[in-house]
Amino acid sequence: MKNIRLLFFMGIVLFLGGQSLYSQTKKERKEQKAKEIKEMIDEQRFTIDVDRALPMGGRTVNLTTPYSFEMRGDSAISYLPYFGRAYSLPYGGGDGLRFEESITDYQSTFEKKGTARIKFVTRTKEDTFRFDVQVFSNGSAIISVTPTNRQSITYQGEVAPKKKE
């Protein structure tokens, strides 16, 4: 009977000890991911894989084709679809939000909980776009785009893992 009690007690101790070790590693992984995201934002080199578009005047559109937004130093590479009303477009419909252009008016701030907020402006031959990008410490991101000649649109996605060089 004493052996059964001893085994039961040892089982509980091992179970609780294992749980605390697991939670520490989960917390460490979370902190590591937040650190990696902060590094990418500071270097101005990150990619956001977009999976949802939220047009201003319509329903949410789940994207099945891989779309992305990338920052590379002083330039932005946008491969995003556009859904919404256009006030003025070039003949043939234009390129939408598919471009690789330099950026101006760059501002980057970090909030208390690790959320990065990046604002900048980019100009193409068709339009001027104001970007407001929020990157959360868990890797999720929200991209709000305000064009001059079109309705605003918002995208949701995830920061792509850092590429090994």
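This passage describes the salt bridges of a predicted model and the strand pairing around strand S6.

The model is predicted, so that local features require a pLDDT of at least 70 and side-chain atom pairs count only at pLDDT 80 or more, whereas totals for chains, interfaces and linings use all residues. Residues are numbered from 1 along each chain as its sequence is written, and side-chain values rest on heavy atoms, with hydrogens and water left out.

The structure contains 4 salt bridges, a salt bridge being a side-chain nitrogen of Lys or Arg within 4 Å of a carboxyl oxygen of Asp or Glu. Side chains of opposite charge can pair when their charged atoms come close. One of the salt bridges links Lys-38 to Asp-42, with 3.2 Å between the closest N and O atoms. Because these two residues are 4 residues apart in helix H1 (residues 2–43), about one helical turn separates Lys-38 from Asp-42; helices (H or I, at least four residues) and strands (E, at least two) are DSSP runs numbered from the N terminus. Lys-38 is partly exposed at 38% relative accessibility, and Asp-42 is likewise partly exposed, with a relative accessible area of 48%, where buried denotes under 20% relative accessible area, exposed over 50%, and partly exposed the range in between (1.4 Å probe, protein chains only).

In a further salt bridge, Arg-72 is paired with Glu-70, and the closest N and O atoms are 2.8 Å apart. Arg-72 is partly exposed at 38% relative accessibility, while Glu-70 is buried, with a relative accessible area of 16%.

Glu-126 forms a salt bridge with Arg-150, the closest N and O atoms lying 3.2 Å from each other. Glu-126 belongs to the loop between strand S5 (116–123) and strand S6 (128–135), and Arg-150 to the loop between strand S7 (140–147) and strand S8 (153–159), so the pair ties together parts that are 24 residues apart in sequence. Both Glu-126 and Arg-150 are buried.

Strand S6 is itself mostly covered, 6 of its 8 residues being buried. S5 and S6 run antiparallel and are joined by 8 bridges, two strands being taken as paired if DSSP finds at least two bridges between them. These two strands form a hairpin with 4 residues between them, and Val-121 stands opposite Arg-130 in S6. S6 is also joined to S7 by 7 bridges, again in an antiparallel arrangement, with Ser-144 in S7 as the bridge partner of Asp-132. The hairpin of S6 and S7 has 4 residues between the strands, and within this hairpin Gly-139 adopts a positive phi near 100°.
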